[in-house]
Amino acid sequence: MFVPAENLVFQDDGLWAENILFFFSEQQSRFSINNDTSLEIPAEKTTDHSGGLLVNNQVEVLEPTYTYRSVHFIFDGLMLPLFGLEIAWKLALASCRYSLYYVKYAEHQFHSIVSRVQKTLRGSSDDIGWLQRTPGMAPVLDGTTRFLELLENIRNGEHTLPDSFVYLLIPGLFSNHGPLYFVTTKKFFSKMGLACHIAKIHSEASVEHNAWELKQYIEELYWGSGKRVMLLGHSKGGVDAAAALSLYWPELKDKVAGLAFVQSPYGGTPIASDILRDGQISDKETRRIMELLICKVIKGDIRALEDLTYDRRKEFIMKHKLPDNIPLISFHSEASIAPGVLATMSHIAHAELPWLPLPGFNTDGFVQAGRHQVPVVVPVSAALAVCALHLQLRYGEKSDGLVTCRDAEIPGSVIVRPEQKLDHAWMVYSSRKKDDSKPDACEMCEAVLTLLVELGKT
């Protein structure tokens, strides 16, 4: 069959256009355009062969699509370096921020270390004697001369301490571990026919706890004897007694005749403050050690030591002042730091050694086995001498080894400053080396209480 040439041309053109349409339809299913533009192809083919409009129209529609894709691809390629620069800039900023953070952290750590060192070196320099510097505190009077006169009279056998009072001796910190604490003084008073007691309190308890215990103890003594009570507190015992009067004065004002502070850290003590001060070098480690010793070993309360720091004493005194119109005496002393003190031993207890092969004799002259008491002596004076030397070299303050003289002066009290060098334990523990030419602790306590009785009469 003969087919005209022009028909072959038109057929080839139609087939070529159909192939072109199929190709672009496949490309439409594989690629997407950012602006969601899709290539639309008519559903039926055009059979108009006049001038080849089908081919030309399809080319005109598809050509802009490929041009848009090319431009978009080129634009994305040009933007890649910009994206890289942006990421690099962000990384640089983050690196700078972290560098500044570490610099500030290192600076903070450096200032913290410097502050800790300064706080440790400064210690209690700003706290010692704060009672004298605080405005509004009552003035003190010096009663040393009269005290020395009374002490001389006592040594000459003139005892004027009346039996119209009950005398209560209040022990200090860690006294529960010294069985002979105040025992010699109590026996001395009892031999004179005076009613004398040693307060049975937990010396390692807090000040407020012991204040409540003392309040009950005083009331029992008063109701049992019908006599008012004279208080003599040594060391922390004076602080506990002062707290009892400050907190419970309405209940005790008719039952207490006076209070004598003997070497009491009423204003605080640098020993406790330097050990427990926050913000100094190794403060947490030191506190853990003290908690282990006091709470675990001694079975006490860490607040017993905390209550003697300057911060706690300031807080308590400003909130609870001592009552007015009650006789007060402040007795403080200075420890000797001479080399001979290092050999002084303090007798703090007796140890019973049963069934030793040491013979004993009864009144009939027969040999019998018995219990033997061996004195327990400790170089307390030597340790306190070292502490006194430390406080003198570091702060330039006179002390008895634990309490500075300025911190032991209670506002509104009569001050007694003995000439004799006495450490903190001398008033409650007898020494193995006695000097009969000097007064002992029992005579000192009697003179202090005699002066307190005189103050109550004026």
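Tutor: Let's begin with Thr269, which you'll find in the loop between strand E5 (256-262) and helix H8 (270-276). One thing to keep in mind as we go: this is a predicted model. Is Thr269 buried or exposed? Its relative accessibility is 6%, and since anything under 20% counts as buried, Thr269 is buried. Who does it touch? If we set aside neighbours within four places in sequence, Thr269 is in contact with Leu308, Tyr310 and Leu402.

Val229 sits in another strand, E4 (residues 228-234). With a relative accessibility of 0%, Val229 counts as buried. Its contacts, again leaving out residues up to four places away in sequence, are Val166, Leu168, Ile218, Leu221, Lys255, Val256, Ala257 and Gly258. Look at the numbers on Val256, Ala257 and Gly258: they fall within the range of strand E5. Val229 and Leu259 are 30 residues apart along the chain, and their C-alpha atoms are separated by 9.1 Å.

Next, have a look at His332, in the loop between strand E6 (328-331) and strand E7 (346-353). What is its relative accessibility, and how does it count? The value is 6%, so His332 counts as buried. Not counting residues up to four places away in sequence, His332 touches Gln263, Cys405, Ala408, Glu409, Ile415, Val416, Arg417 and Pro418.

The side chain of Glu334 meets the side chain of Lys421, with 3.2 Å from N to O. Glu334 is in the loop between E6 and E7, while Lys421 is in the loop between strand E11 (414-416) and strand E12 (430-431), so the pair ties together parts that are 87 residues apart in sequence. Glu334 is partly exposed, with a relative accessible area of 21%. Lys421, at 46% relative accessibility, counts as partly exposed as well.

Salt bridges can also link up with each other. How many salt bridges turn up in the whole structure? A search finds 20. Among them is the one between the side chains of Glu306 and Arg287, at 2.5 Å from N to O. Glu306 belongs to helix H10 (residues 303-306) and Arg287 to helix H9 (residues 283-297), so this pair ties together parts that are 19 residues apart in sequence. On accessibility, Glu306 is buried, with a relative accessible area of 11%, whereas Arg287 is partly exposed at 22%. Another salt bridge joins Asp301 and Arg303, whose closest N and O atoms are 2.8 Å apart. Arg303 is partly exposed, with a relative accessible area of 43%.

Let's come back towards helix H8, where we started. Arg394, in helix H12 (residues 380-395), touches Thr120, Leu121, Arg122, Gly123 and Asp274, leaving out residues up to four places away in sequence. Asp274 falls within the range of H8. The C-alpha atoms of Arg394 and Leu121 are separated by 9.3 Å, and these two residues are 273 residues apart along the chain. Arg394 has a relative accessibility of 33%, so it counts as partly exposed. Its side chain also makes a polar contact of 3.4 Å with the side chain of Tyr395.

To finish, here's a pair of helices. Helix H5 (residues 183-191) and helix H13 (residues 441-457) pack at an angle of about 65°, with their axes 9 Å apart. H5 passes H13 in a right-handed crossing. Which residues meet there? From H5 come Thr184, Thr185, Phe188 and Phe189, and from H13 come Cys442, Glu443, Cys445, Glu446 and Leu449. Sorted by class, this contact has five nonpolar, two polar and two charged residues.

Definitions and conventions: Residues numbered from 1 in each chain as written. Predicted model: local features only at pLDDT ≥ 70, side-chain atom pairs only at ≥ 80, totals over all residues. Heavy atoms only, no water. Axes fitted to C-alpha atoms, helices over the stretch in contact; angles between N-to-C directions. Helix = DSSP H or I, 4+ residues; strand = E, 2+ residues; numbered from the N terminus. Left-handed = near helix turned anticlockwise from the far one by under 90°. Contact = heavy atoms within 4.5 Å. Nonpolar A, V, L, I, M, F, W, Y, C, P; charged D, E, K, R; others polar. Buried < 20%, exposed > 50% of the residue type's maximum accessible area, 1.4 Å probe, protein only. Salt bridge = Lys/Arg side-chain N within 4 Å of Asp/Glu carboxyl O. Polar contact = N/O pair within 3.5 Å; in protein donor to acceptor, adjacent residues only side chain to side chain.
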